[in-house]
Amino acid sequence: MSSPVIVAQGLTKTFGTLNAVDGIDFEVPAGESFGLLGPNGAGKSTTMRMVGAVSSRSAGTLRVLGLDPDTHGPEIRSQLGVVPQDDNLDTELRVRDNLIVYGRYFGIPRRTCATRADELLAFAQLEDKARSKVDDLSGGMKRRLTIARALINEPRILMLDEPTTGLDPQARHVLWDRLFRLKERGTTLVLTTHYMDEAEQLCDRLVVVDHGRIMAEGSPSALIRQYSTREVVELRFGSDHNAGAAQRLEGAAQRVEVLPDRVLLYTDDGERLLEHVAEIGLHPTTSLVRRSSLEDVFLRMTGRSLIE
Amino acid sequence: MTTTEPMTQAALQGAERPRRFGALYIAEHQVRAMRAYGWTIVISSVGNPLVYLLGIGLGLAAFIDQPVANGADGPVDYVLFVAPALLASAAVGVATEEFTYVVMAGFKWRRIFWGMNASPVSPEQICTGLILSVAARILFTTVVYYVLMLAFGAVGNPWAGAAMPLVGLLAGLAFGLPLLAYSATLTEDGGQFAVVQRFIFTPLFLFSGTFYPLDSVPVGLQWIGWISPLWHASELGRDLSYGTSGGWPWWSHLLVLLAMAGVGGVLARRTFVRRLRG
């Protein structure tokens, strides 16, 4: 069996007195889709920058494709595709030219760049935009172009930092579909996100990160099984009454969480619990039974919501 | 001893060309991007010398009876005196434009330096590639300038003078590279570039012996010329065009220009590394 493409042990990044990444361990085998899930400021992007060989680590060991980023930065980067959080396409070049100049950075001959650019524009569903200006593209199209650009060197690892932040739901689904196809082809994906639905859609395995530390690790379904119940009942009593209602519901569910706008009840049978709520004379203004998600896992582990 | 895995082997091979030619790839990108404002470059490269050579070299010169400078063979026409300085100032003008807003765009507005940074190319190569592309643009400007100077009869010795576009390039880099090192440290455009334009470039243009010999300026202001790449390049250009009598030897001007460009280049590369590898 081949070695993992990424191995991090005690990986640490310090800015002054702040430990942005605080001694994390993880491995990513080839072909896996690996996610870093956590709120803003958790250290996800810093970790990505270290793996991407553009930021040196403060402590610990890191091997990417068997090489140390401190000594073999260009070698590692030659095998990566990077989709940054903020688009950095060249708006002074046309869509297709953006792919070609980027391919040149990898030493790829111009002709090969041109052929690949056409293939990638087809993959990104941007063929008819080849001659357009970048600024004329929608947000979702720009993201797809950035992903196409990251694929110009046929990378072994595709790294995506918050790939769908700021996109509307339809554009997100188009993007997920493209990423899913890459996954099927065996491309290793490493992505950060603070959207649990994105993590559930795309990741085979993920780590939950908070304050630079790994709080939990596993597949999305395993994490939910381990850290949450099968179902969740969400009740709203109005912001002044939530806490009082929650007190009366102590013991009725396996766990009760009070958020500013609603009460969450963790249980394996949501409908049953809802009946109980009515029996004891509580009348929520709205009620909802849903499956547990990674959001609940995160809430359980940190006491905070992912998106604040 | 473990054998190198295929993935490691591929990585080692993948960086061979970028390690060698990375700066050229960056320059290639920048030159391609210049095409977006290609006509502006061509029109200003031709228009600027036309306006200055007609207006000052011929127009103003008609009113100047008294020779302002001596060449190796005695007094020279005003147009001969002023033309090398105009060429150098055009080069410095281009450098000022490219090494300010383009740098801010690369780091902040278009963020393209960050995109380059994620590729195998190094921060030093990004900096060098940018410099190469601007050097190409400056050289285009100074060559066009020189050809028009020949057409206006504003060169004493056309053969020796043919080195003038290179002197202009050096002037552009001597002024531009320290400016690049400064621009690369800026995270916000708080009007600093307008200050550079108005309070550094313009005074240098006016007090660097551009329109009249530096020794006719009050002694208290002559130091502006001594630290000005523009003055050193103008003097060097005049030396090439008609020879000079007295003053600083030509190689001293060359040394000053090389030193300014060299120090600026080293500082700029360092700033790029610091900024992109935080």
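Two strands pair if DSSP finds at least two bridges between them. Helices (H or I, at least four residues) and strands (E, at least two) are DSSP runs, numbered from the N terminus. The model is predicted, with local features needing pLDDT of at least 70, side-chain atom pairs counting only at pLDDT 80 or more, and totals for chains, interfaces and linings using all residues. Residues are numbered from 1 along each chain as its sequence is written, while chains are lettered from A and ligands numbered from 1 in the order in which they are written.

**Exercise 1.** Find the residue of E12(A) that stands opposite Arg255(A).

*Solution.* Start with the open sheet of four strands in chain A, whose order is E11-E12-E10-E13 with antiparallel pairing. Its edge strands are E11 (255-258) and E13 (286-291), each pairing on one side only. Next, follow E11(A) to E12 (residues 263-267) of chain A: four bridges join them. Here Arg255(A) faces Tyr266(A).

**Exercise 2.** Describe how H3(B) and H7(B) cross.

*Solution.* Take the axes (lines fitted to C-alpha atoms over the stretch in contact, with angles from 0 to 180 degrees between N-to-C directions). Those of H3 (residues 38-59) and H7 (residues 123-151) of chain B come within 9 Å and cross at roughly 40 degrees. The crossing is right-handed, meaning that the near helix is turned clockwise from the far one by less than a right angle.

**Exercise 3.** Work out how many residues each chain brings to the contact between chains A and B.

*Solution.* Count residues whose C-beta atoms, placed from the backbone, lie within 7 Å of one in the other chain. Chain B gives 33 and chain A 31. On the chain B side, H2(B) supplies the largest share, nine residues.

Definitions and conventions:
Contact = placed C-beta atoms within 7 Å.
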